[in-house]
Amino acid sequence: ITALCLVGKEGMKTADFLETRVRFRELSSEDIRMYLERIEYRDKAGSYAFQEGGSYIIESLEGSVTNVIGFPLSLFYSMAVGMDMTGDLFLPQVPAL
């Protein structure tokens, strides 16, 4: 579960969360050892990386891949659209001439 809160220019706020479920394969001690030899697990939350050999240990995913990787982009974007912030976030600010 990842929660986000956005605060707009005028103090307008919105908060929401996104839940993603990851089901792992049944792994033997040898499978785990081989996986840990393949990736740098010590800098990963939960000691695994979906984007780095995840198919070896993950059976299924329900929800957002970007939520598992580290930041729920679809949730962020939908919240930004809901607050009419997309122009401020995604369009370059061009100075008036």
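A: Happy to! Before going on, a word on the model: it is predicted, so local features need pLDDT of at least 70 and side-chain atom pairs count only at pLDDT 80 or more, while totals for chains, interfaces and linings use all residues. Residues are numbered from 1 along each chain as its sequence is written, and side-chain values use heavy atoms, with hydrogens and water left out.

Back to the strands. Strand β1 covers residues 2-7 and strand β2 covers residues 13-18, and the two pair in the antiparallel sense over six bridges. Two strands pair if DSSP finds at least two bridges between them. Strands are DSSP runs of E with at least two residues, helices are runs of H or I with at least four, and both are numbered from the N terminus. The hairpin of β1 and β2 has five residues between the strands, and glycine 11 takes a positive phi near 85 degrees there.

Now to the charged side chains. Side chains of opposite charge can pair when their charged atoms come close. A salt bridge here is a side-chain nitrogen of Lys or Arg within 4 Å of a carboxyl oxygen of Asp or Glu. A search of the whole structure finds six salt bridges.

One of them joins glutamate 19 to arginine 21, with the closest N and O atoms 3.0 Å apart. To say how open such residues are, buried means under 20% relative accessible area, exposed over 50%, and partly exposed in between (1.4 Å probe, protein chains only). Glutamate 19 counts as partly exposed because its relative accessibility is 38%, whereas arginine 21 counts as exposed at 52%.

Another salt bridge brings together the side chains of arginine 42 and glutamate 40, at 3.0 Å from N to O. Arginine 42 is exposed, with a relative accessible area of 63%, and glutamate 40 is partly exposed at 36%.

Next come lysine 44 and aspartate 43, whose side chains meet in a salt bridge at 2.8 Å, N to O. Here lysine 44 is buried, because its relative accessible area is 18%, while aspartate 43 counts as exposed at 57% relative accessibility.

Finally, Glu30, Arg33 and Glu37 are linked in a network of salt bridges.
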